[in-house]
Amino acid sequence: MLFDNRSTVRKVLLITLFLNLFVLLLKAVVGWLTGSLSLLADALHSLTDSASNILGLASSRFSSPLPDRDHPYGHQKYEAIGALGVAAFLGIACFEIVQSAIERIGKNHIVAISGTELWLLLLVLGVNLFVTFYERREGLRVNSPILIADAQHTMSDVWVTISVLGGLIGIWVFNWQWLDVVLAFPVAILVFRSGWSVLKQNLPWLVDEIAIAPEAIHAIAMSVPGVLNCHDIASRGVVGRQTFIEMHLVVDTNEVETAHQITEDVEAKLMERYSPVRVIIHVEPPSYQENHISFGV
């Protein structure tokens, strides 16, 4: 049975969009007042948070798991495309941060920070932590790639804000002005790392990488009475979200009705283990010989 989680995803994204816009406004105002490059870079990172929320809302609108005439396998890859969009925003943010830091090297730029502005940044940090854990919890609960990816994006924002806050405290206490430019580089690395992680998680889904080890599917099929062999096994999708399995099945009967019942039993076993799953089985007679469980070497 397919579970349509889009209403929950949209609700979570709308809440986090509002909070991310609030965080963006605070960072931009404090960054402009203090002249801090690292904080303005952090505000740019928060801009990508808001943009990814909007992107997530758009992709969720089109990511129905239910099949139709034009999309017989459903529309869930739109969510993975949305997650890749998040990775792209992170890459852009990383480039902008590094470019700005290089431009300021060797320039006598003064950052002025006050205790009030530091307290505002602590408030920003608290909001980011709430958004991260709330979005990740809901993403895991409804098994949404876009929410999990967006939570990871926001978690990178938490580390960025911690780094920037530490640097601004150093400037406030010791007047170490060089900290502002120096900290911009690890901020960029954290942003890049987060984008790379999102990319690695979602690209396999889009390129139809194997979802379940063929040996595991083979073992389940062979445990069903009447199955002589199972070969040419293929799978794709995301386990727990939506998985597609194809296989050839050699059955110990020449009767169509009996063969059909055996395939139904195999499907039931696979659904019990990997639901939601759609299984396509090609039935072959007892005389058929094949030793390759799956494709390739």
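**Entry 1: two helices side by side**

At what angle do helix α5 and α6 pack, and how far apart are their axes? I began here, and I note that I am working with a predicted model. Helix α5 covers residues 145–174, and α6 covers 178–206. I found an angle of about 170 degrees between them, with the axes 9 Å apart. Angles over 145 degrees count as roughly antiparallel, so α5 and α6 are roughly antiparallel to each other. I then sorted the residues of their contact by class, and I got 14 nonpolar, 10 polar and one charged.

**Entry 2: another helix pair**

Next I looked up helix α1 (residues 6–34) and helix α4 (residues 115–142). Their axes come within 10 Å and cross at roughly 160 degrees. I can therefore call α1 and α4 roughly antiparallel to each other. The crossing of α1 and α4 is left-handed. In the contact of α1 with α4 I noted 18 nonpolar, five polar and five charged residues.

I moved along to the loop between α6 and α7, where I found Asp 208. What is the phi of Asp 208? It is near 60 degrees, a positive value in a residue other than glycine. I wrote a reminder beside it: most residues other than glycine have a negative phi.

**Entry 3: α7 meets α8**

Helix α7 takes in residues 214–222 and helix α8 residues 256–274. I see their axes come within 9 Å and cross at roughly 130 degrees. That makes α7 oblique to α8. The crossing of α7 and α8 is right-handed.

Which residues make this contact? From α7 I listed Ala 216, Ile 217, Ile 220 and Ala 221. From α8 I listed Val 266, Lys 269, Leu 270, Arg 273 and Tyr 274. Divided by class, the residues of the contact of α7 with α8 are seven nonpolar, no polar and two charged.

**Entry 4: the sheet**

In what order do the three strands of the open sheet stand? I read the order as β1-β2-β3, with mixed pairing. β1 (227–238) and β3 stand at the edges with a single partner strand each, so one side of each has no neighbour in the sheet. The twist averages 15 degrees from one strand to the next.

I then took the two pairings in turn:

- β1 and β2 run antiparallel and are joined by nine bridges. Ala 234 stands opposite Glu 246 in β2.
- β2 (residues 242–251) and β3 (residues 277–284) pair in the parallel sense over eight bridges. Thr 243 stands opposite Val 277 in β3, and Leu 249 stands opposite Val 283 in β3.

I also checked the hairpin of β1 and β2, which has three residues between the strands. Gly 240 in this hairpin takes a positive phi near 90 degrees.

**Entry 5: helices on the sheet**

Where does α7 lie? I found α7 across β1 and β2, running at about 135 degrees to β1. α8 packs on the sheet as well, touching β1, β2 and β3. The direction of α8 makes about 150 degrees with that of β3.

I followed the chain and noted that β2, α8 and β3 make a right-handed β-α-β unit.

My last stop was the loop between α8 and β3, which holds Pro 276. Is the peptide bond from Ser 275 to Pro 276 cis or trans? I found it to be cis, with omega near 0 degrees.

Notes:
Residues numbered from 1 in each chain as written. Predicted model: local features only at pLDDT ≥ 70, side-chain atom pairs only at ≥ 80, totals over all residues. Heavy atoms only, no water. Axes fitted to C-alpha atoms, helices over the stretch in contact; angles between N-to-C directions. Helix = DSSP H or I, 4+ residues; strand = E, 2+ residues; numbered from the N terminus. Parallel < 35°, antiparallel > 145°, perpendicular 65-115°, else oblique. Left-handed = near helix turned anticlockwise from the far one by under 90°. Contact = heavy atoms within 4.5 Å. Nonpolar A, V, L, I, M, F, W, Y, C, P; charged D, E, K, R; others polar. Pairing = 2+ DSSP bridges. Right-handed = clockwise from strand over helix to strand, strands pointing away.
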